[in-house]
Amino acid sequence: MFRSKKIIPIMFCAMALLLFVAGCGNRETTTASKEKEAPSKEERIVKHAAGETTIIGTPKKIVTLYQGANDTAVALGVKPVGVVESWDQQPIYEYLRSDLEGTTILGQELQPNLEEISKLKPDLIIASKYRHEKIYPQLSKIAPTIMDDTVYEWKDTLNLMADALNKQDKAVELLAEWDTRVEDFKSQMGEELPIKATITNFRSDHMRVYYNSYAGSILKELGFDRLERPAGSEGEDWGEKITSKERIPDLNADTIFNFNASKDSELVEKNYEEWTNHPLWKELDAVKNDKVYQVDEVYWSAGAGYKSANLMLDSLYDIYKLKK
C-alpha cells in the first residue's frame with residue numbers, strides 16, 4: 001500500500017509535465033506557422049532609371065506599362081493585375097493571352113489610365129523612362145514605381161523586374177536557358193556566321209531601318225553583323241525613318257529581315273510594293289541572292305521581352321532550317 005500511494009502522485013506529475021511540454025510545442029509550431037505565412041516586411045532598395053525606390057517585401061499586385069514588361073512578368077511566373085493594351089492584336093498579343101486572361105487593361109502604352117491604375121491598388125508599377133518619364137511623379141504617388149531606360153533592352157527589363165519582384169533565381173534560370181539556345185544556334189550555323197543583316201519595317205508613308213533595336217541586339221548576340229548607321233545620317237538611337245528611295249543603297253547587306261506594319265495594311269502593302277520594285281532595291285545583295293525574309297512584327301519588334309525573344313529565335317531556326 002505504501003508503494004502505491006507514492007506512485008500515484010508521481011504519475012500525475014509526469015502526465016502534467018508531458019501536457020505542458022506538448023502545449024508549449026503546439027504554441028511554438030503555431031507561432032512558427034504564422035510567421036511563415038506572414039508577408040515579408042523586408043525593405044529593399046531597387047536602383048532604376050529614375051533613381052531609387054524602396055520596396056517592402058515581395059510585391060504581389062503589379063502593374064506593367066509597356067509590352068516588354070507584360071511579357072517579362074509572364075516569363076518570371078507573375079500575372080500582373082493590370083497591363084497596357086498591345087499595339088496590335090488588341091487587347092493582348094496572342095502569345096500572351098492565355099497567361100494574362102482576366103487581367104485589367106489600363107489603356108495605351110503611351111497614355112496609361114492613371115485612375116484605373118489607382119483603383120487596382122498595386123504594390124508595384126513597372127514603367128519605362130522612354131514612355132512614362134513625365135507621369136513618373138503621379139505613378140509614384142499611386143505605388144512604388146520603377147522605370148527602365150528603354151522599352152527594347154529585354155535583358156535589362158528582366159533583371160530589373162527580377163530584382164523588384166524577388167525573382168533573381170528565376171532570372172538566372174531563364175538567362176541560362178537563353179544562353180544555351182544561343183550557343184546551339186551558333187554551333188549549328190557554324191561558318192555561315194557572321195551574316196550582315198538589315199532589319200526593315202514598312203509603314204504606310206515611309207520605311208524604317210533599325211540599328212540599335214530589340215531584334216538588332218538579339219541578332220548581334222547570335223553572331224550576325226548589324227547594319228551600321230551611315231555617316232551623316234540622323235535619327236533616333238534605334239534607327240531611322242526614311243522617306244527617300246535614294247537611300248535604298250544604305251540598306252545593303254547579306255540578308256534583310258522585314259516586317260510590315262499591321263496598321264493600315266493596304267497602304268503599307270502598296271508602299272512596300274513601290275519600294276521593292278524600285279531599281280535600286282533590286283541591286284541590293286540580299287535581294288539578288290534571294291535572302292529577304294518576311295518575319296513576324298510582334299516577335300521581332302513589338303513583344304520586346306524574354307518570351308518573344310525566344311519566339312524570334314524560333315523563327316530563325318525555321319529560316320535556316322536548323323534542328324530545334
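Before going on, a note on conventions. This is a predicted model, in which local features need pLDDT of at least 70 and side-chain atom pairs count only at pLDDT 80 or more, while totals for chains, interfaces and linings use all residues. Residues are numbered from 1 along each chain as its sequence is written, and side-chain values use heavy atoms, with hydrogens and water left out.

**The chain as a whole**

The protein chain has 13 helices and 15 strands, taken as DSSP runs numbered from the N terminus (H or I of at least four residues for helices, E of at least two for strands). Of its 324 residues, 44% count as buried; buried means under 20% relative accessible area, exposed over 50%, and partly exposed in between, with a 1.4 Å probe and protein chains only. Among contacts with a separation of 6 or more, 63% are between residues 24 or more positions apart, a contact being heavy atoms within 4.5 Å.

**Cavity and pockets**

On a 1 Å grid over the protein atoms alone, a cavity is a set of points where a 1.4 Å probe fits but cannot get out, and a pocket is an open set with protein on both sides within 12 Å along at least five of seven lines; lining residues have an atom within 4 Å of a point. Grid points are joined across faces, edges and corners, and a volume is the space filled by probe spheres set on the points.

A search of the whole structure finds one cavity of 30 Å³ or more. Its lining consists of Q67, N70, V83, V84, S86, P91, I92, Y93, L96 and L100. N70 belongs to helix α2 (residues 67–75) and is buried, at a relative accessible area of 3%. Leaving aside residues up to four places away in sequence, N70 touches T64, V83, V84 and L96.

| Space | Volume | Lining by class |
|---|---|---|
| Largest pocket | about 930 Å³ | 18 nonpolar, nine polar, eleven charged |
| Second largest pocket | about 170 Å³ | five nonpolar, two polar, four charged |

The largest pocket holds about 930 Å³ of space. Of the 38 residues that line it, W87, R131, R203, R208 and S301 are the closest to its centre. At least two lining residues each come from α2, α4 (129–132), β10 (196–202), β11 (207–210), α8 and α12 (297–302), and α12 has the largest share, with four residues.

Around the second largest pocket we find L110, Q111, P112, L114, K129, Y130, R131, H132, E133, K134 and I135. Helix α4 gives the most to this lining, with four residues.

**Helix α7**

Helix α7 (residues 168–189) has 22 residues and reaches 32 Å from its first C-alpha to its last, close to the 32 Å expected at 1.5 Å a residue; the expected span is 1.5 Å times one less than the number of residues. Its buried residues are A171, L174, L175, W178, V182, F185 and M189. They cover an arc of only 95° around the axis, which puts them on the same side of α7; the arc is that of the directions from the helix axis to the C-beta atoms. D169, V172, T180 and S187, on the other side of α7, are exposed. The cover over the buried residues of α7 includes α2, α6 (154–165), α8 (214–221) and α13 (306–319). After α7 comes G190, with a positive phi near 55°.

**Helix α9**

The twelve residues of α9 should span 16 Å at 1.5 Å a residue, and its end C-alpha atoms are 16 Å apart, which agrees. In α9, V268, N271, Y272, W275 and T276 are buried. Seen down the axis of α9, these buried residues fall within an arc of 125°, so they line one face of the helix. E266 and K270 are exposed on the other side of α9. Elements covering the buried residues of α9 include β10, β11, β13 (239–242), β14 (255–260), α10 (279–282) and β15 (292–294).

T276 lies in α9 (residues 265–276) and counts as buried at 12% relative accessibility. T276 touches W281 and K282, not counting residues up to four places away in sequence.

Key: Nonpolar A, V, L, I, M, F, W, Y, C, P; charged D, E, K, R; others polar.
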